[in-house]
Amino acid sequence: MAPTTIPIPGPPGLPFLGNMFDLDMSFMLGSQMDLAAKYGEIFTLRFPGQVMHFICTQALVHEVCDEKRFKKIVSGALHEIRNGVHDGLFTAQLEEPNWGIAHRVLMPAFGPMSIQAMFPEMHEIASQLALKWARHGPTTPIMVTEDFTRLTLDTLALCSMNFRFNSYYHDEMHPFITAMGDFLTESGGRSMRPPLATKVMRKTTNKYWNDIKILRETAEAVLKSRKEHPSDRKDLMTAMLDGVDPKTGQKLSDASIIDNLITFLIAGHETTSGLLSFAFYQLLKRPEAYRRAQKEVDDVVGTGTIRIEHMKKLPYISAILRETLRVCPTISLTAVNPIEDGTILGGKYVVNKNETIALFLAKSQVDPVAFGDDADQWIPERMLDEAFEKRNREFPDNWKPFGNGLRGCIGRPFAWQESLLVMAVLLQNFNFVMHDPNYTLQYHQTLTTKPKDFYMRAILRHGQSPTELEHRLSGGLAPPTNGVSKASTNGNANGAQNKGNLKPLSIFYGSNTGTCETLAQRLAADAPSHGFVATTVDAMDAANQKLPKDQPVVIITASYEGQPPSNAGLFVGWLEGLKGSELDNVAFAVYGCGHKDWTQTFHRVPSLVNDTMAARGGERICEMGLTDASQGEMFTDFEQWEDEVLWPAMEERYGTSAAAEGGAEAQTMPSLSIQFTAPRSTTLRQDVQEAVVVETKDLTAPGGFPKKHIEIELPEDMAYRAGDYLAVLPVNPKETINRAMRRFQLARDANITIEADRRATLPTNGPVPAYEVLGSYVELANPATKRGILALAEAATSPSTISQLQTLATSLYTSEISRKRVSILDLLEKFPTTINLPFGAFLALLPPMRVRQYSISSSPLANPRRASLTYSLLDSEASLANPDVKHVGVATSYLASLAAGDKLAGVSVRKSHAAFHLPADPQTTPIVCIAAGAGIAPFRGFIQERAAQIATGGRVLAPALLFFGCRAPGVDDLYREELDRWEEMGAVSVRRAFSRLPETKKRSGNGGKEEAKGCRHVDDRLWYDRKDLMDLWDRGAKVYVCGSRGVGESVKGAFVKMALERMEREPGFIAGGKVEGSEEERALKWFDGIRNERYATDVFD
C-alpha cells in the first residue's frame, strides 16, 4: 500500500523570484531559524532555478544520511564558490575525477601520526596568540573572532604548508582574510539571485572577481615559495606536490593544488576560529563550566608546558567543543539530493532528485526529541564521551558538524587537535572576563558563522608577567603559583593614577543592571577624600584567582535569584573552591544589594563572599553593609555605610585622614569645574544602539489607568526571542529638564565643559550642551540621598533651611523623602533662595542615567526586525516641593513622548532567565501563562509566536492557557481583538478576571461577570479553573507568571492551595510522600522545587 503523502509547507513567495525576499541576505541564518520555528520539521524555499527543502529534526537528518538513497551535491552557495576553487575537495562533484585523485592523495597527510607531528608548530602559533594577549594587558578589549582567525590561518599555513602569514606581527589582517570573507558572502548572495540581477550589479561583480584574484594569487605565492625552497617535511604541501594517486597513477596539477590550497585555507581556518570564539562565549556565560574546564587543564597539565600526550586527557574540553558545535554550528547546513525521483521522506513528503535537501543543523542539532527540553541550552556534560556515544546509538546522526560519510570533513583531526591545544593553553595561563557583561550573542555570517562584536579581556594567572609566560610557553621554569596576586599587573582596570600620598584601593563589583557598578564608581570618587585612590575598579570576575594582598579590597555585589551576577560567577566559584588559607593577608570589605521578597536567596551572594573570604584567611576591614532594594533607599544606605562604617575603619587601619584631599567638606560637597562655552557634539553611549519608533497606541480607554503599546524597528544586527527584555536608555522629561535649567538660570543653548577632579560618568574635557547633560546623563528624579540632603544643608544660607534639611536627612527621611521620591531638584525648588548650590555640585550629587528593562511583547516570527513593548504610564503622588508637580516615571514618560518616526536614544536586547522562554517542543509541551495588567507583555509575544506557527506551518500545538486579570472589559482588557483572533485559531484559551466590573456589566452577563466566572483576580480564576490547569500540569505543562510582586505572591498561594488539595486526594502527589513536614510545609517545598524549572516568574515592583 502506497504511503499517504502531504505537501511540504513553506512561504508562498513571488513569481520568478520565489522566496528571495523571505530571507535577510545579511543574516540568512536568522531568517531560516524563524521559518523553522514557524513551519516545524520541514519547509520549502524556492529560488530562481532551485528548490530547497530544509529538514529540521534528527530523524529526517538521519534518514537523508543514507548514502544509498541520497548523495551530497554541490549547489547554491557551494556551486558559486567553484568560481574561486573549481573542483577542490569540498566543491567537486562526486563524479569529477579530481575529487577522487585529491582525496586519495591527501588522506595520508591527515592520518594520526601526521597530525601529531604538527603539534609543535600548532603550539608555536598558540603561544604567539597568548603572548599578544599578555602584553596587551588585562584592560585591553580583545576582538575574539579576529584574533582566533589570525591564529587558525597561521596555524594551518605553517603546519600544512610551512608558510608563515605572521598575522600577529601586523596590525591589519592579511588581505586573504578580507577577500575570503567577502567572496563567501557574495557567493551566498549570487546563489539566491536571478543571473540577470547579478549581471547588472557591476561593482559587486567586479569586486567578487577581484577577491578571487587575491585568493588565487595568495595560494600561488605559497606554492611558489615551496617550489623555490624544497623541503623534506611530510606535510600537506608535500603530499600535493609529490603524492601519486594509487588508483590512477596521476599526480595533482598545479591548478588543482592551488584550488585545494584555497579550499583548505578557507575551510580549515574559518570554521575553527568560529568554534573557538563560540566556545569562549559560552564558557563566559556559564561560570561552572569555565571552572571545570580550567580545573581539568590544571589537573592534567599543571603549570608546565602542554604536550601532545595531554590532548587525550582532556575529556571535558572535548565535551565543550562538541557541545559548542552542536548549539552554535559554524556551518549551519549541508545539502544532499535524492538519488531517485519520487523519493518519500519521513514517510509522507515527496522529494525529487533535482531538488535540494538542506540538512539544517542549526535546528536538527537542538531537536528536543534527541536532546530533551533543554536542547537549546549549552550543557557540555551531555557531550562527555560515554553520554555522547550513548546518544549517538539512540539517535544516530544527531551531531553532524563535520559532514557525512564519504564526503565528510577530511581535516577533522587537525581542527580537533588545534582546538584542544588552544583551549588548554589559554585556560592554563589566563582568566577571562566578558568586556561587556550584558553582551548577548549576535552572529556574523558569511558561508560560516561567528560571534559578532564579541570582546573579552585576558588576565594573566598565577601573578606571572608576560616575560614569565614566555619562559613557560617555551618550556622554561614556570613561576610559583599561589592563586592570589600582588597588585594588578599590566595596567589598571579602569583605575585612577595615584597622585601624592594616597594609598591604593581595589574595588570589584558584581552587577547585571548597573546598580552595583554605579556604587563602585561612587566609592572610587569618594576615596581621595579619605586618603585612598582606587587603582582598580572592575568586575569581580577580573579578581578571579587574583585578589591583591598589598592593598584593601572592597567588593560590592548583588544576588540574582540566589546566583552571582553575570560578571561575578567565576570569582564566586573560585572562592567556593578554596580549601585552605589562600586569602591570608587579604584585607576586604563587602557591601551587598538585594530584595527582601526573594526570601530564600536574600543577600545570598554577598553573605557567601563575606563569610568565605574570612574563612579562607581574609581579614575583614569592617562589618558587611547591606541594602534592601524594596525600601527604595539603596544609595542612601550605601552612603551611610561608607560614612559611618567603611571609611572610619579604613582610616583607623591605614592611618589616613578624611581631609586627605580637598578638605573635610569634600565628603558631602563634591564638585565639578564648569565652564560655559560654544556648542560641541556629545559622545554617544556605547552599550546601546539607536532604534526607530514604528507605531504607538493607547491600549486603555479614557479614564482607565493608562497603558500603552510601542513598536520599534531594531538595529539590523539585533535579534531577540519571545520572552526577552529590551533595555531602553531614556531621556529625562522635558519639563524636568526645564525645571533644572530655570533653577540654575541656564539659557536653552548654554554649553558647559566639565573638568572632574574625581571620577565622573559625564562627558568631560569638552564642550557639551547643558540641556543634553541634564537630559541624557543624570537621573534628575531619583530620590535625594541623606548625604545629598546634608550637602544641600552645607550650601544653605538660612538657619531655618539648614534645620529643615537636617531633619529631612534624619528622622523624616523615610516618610518625606524616600516614600514620596523627593529629588535634589525638588528640594532646591522648595528652598529657592536659601540654598546657594553651584551647578557643578548639583551634577555631582546626581546618579548617572541608567537603562530600564521591559519585557518584549512580540515574537520575531511576526517580524524579526521589530519588537514591541507594553507598559504602564507612571504618574504618582505630588512632590514635596510642589503639589502641582507630579512624579512621573522617567522611562515610561520618555516612551510616551515618542511618535512614529522618532528615534530612541538607545536600546539593547537582554536575555531573560533561561526558564522564561517557550518550550523547545511546542507540539508536546503545554503552557500556562498568568498575568495582570501590563504583565501580559511577554505572553502576547508567546501567543503571537504560537499563532504564527499555526497560521504559516499548519502545526498542531500543545494547549495553552492564559489567565489574565484587569479592571473591566472595554477599559483595560489589553489586546482583546488580537487575543480573540488567536483564540479562534487555537493558539490559546484565555481565562479572564475583572476586578472593577461596573454594576451594569455584572447584571448584563454579556462579557462581564459571566466571562470572568465571578472571579475578580487571577488567583481566583486559577482556583476556579484548577481542573484544567492541573490536567495540563500532569501533561508536563510549563507555567509562566508576570506581574507585580502582589500578583506573584497571590499566584504562589493559589498553587500551594491546589497542591494541598491534590495531596489530600492523592497522598503521593508530592515526592511520593517522602518530603517531611506538615502538609503546608510539604506543599511549599514542592512549590520551591518547581521554580525555574516548570514554574518561571518575571516579577517587578
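Where is the place of Arg 233? Select Arg 233 and look in the loop between α10 (202-228) and α11 (236-242). Helices here are DSSP runs of H or I with at least four residues, strands are E runs of at least two, and both are numbered from the N terminus.

Before moving on, note that this is a predicted model, in which local features need pLDDT of at least 70, side-chain atom pairs count only at pLDDT 80 or more, and totals for chains, interfaces and linings use all residues. Residues are numbered from 1 along each chain as its sequence is written, and side-chain values use heavy atoms, with hydrogens and water left out.

**Stop 1: Arg 233.** Show its side chain. It reaches the backbone oxygen of Leu 158 at 3.0 Å. The side chain of Arg 233 also reaches the backbone oxygen of Cys 159, at 3.1 Å. Now display the contacts (heavy atoms within 4.5 Å). Beyond neighbours within four places in sequence, Arg 233 is in contact with residues including Glu 121, Asn 162, Arg 226 and Thr 238.

**Stop 2: Leu 106 and the core.** Select Leu 106, Trp 133, Phe 148, Leu 426, Phe 430 and Phe 432. Of the 116 residues in the largest nonpolar core, these touch the most other members. Such a core is a set of buried Ala, Val, Leu, Ile, Met, Phe, Trp, Tyr and Cys residues joined through side-chain atoms within 4.5 Å. Buried means under 20% relative accessible area, exposed over 50%, and partly exposed in between (1.4 Å probe, protein chains only). Helix α12 (residues 254-285) gives this core its largest share, 15 residues. Zoom in on Leu 106: among its contacts outside four places in sequence are Leu 89, Phe 264 and Ile 410.

**Stop 3: Glu 296.** Go to helix α13 (residues 287-301), where Glu 296 sits. Glu 296 is buried yet has no salt bridge. That term needs a side-chain nitrogen of Lys or Arg within 4 Å of a carboxyl oxygen of Asp or Glu. The nearest side chain of opposite charge, Arg 292, is 6.2 Å away. (Lys and Arg count as positive, Asp and Glu as negative; His and the chain ends are not counted.) What does lie there is the backbone nitrogen of Ile 317, 3.0 Å from a polar atom of the Glu 296 side chain.

**Stop 4: Cys 409.** Select the loop between α17 (385-394) and α18 (412-429) to find Cys 409. Cys 409 counts as partly exposed because its relative accessibility is 31%.

**Last stop: Phe 1100.** Phe 1100 is in strand β34 (residues 1095-1100). Its C-alpha atom and that of Thr 557 are separated by 20 Å.

How values were computed:
Polar contact = N/O pair within 3.5 Å; in protein donor to acceptor, adjacent residues only side chain to side chain.
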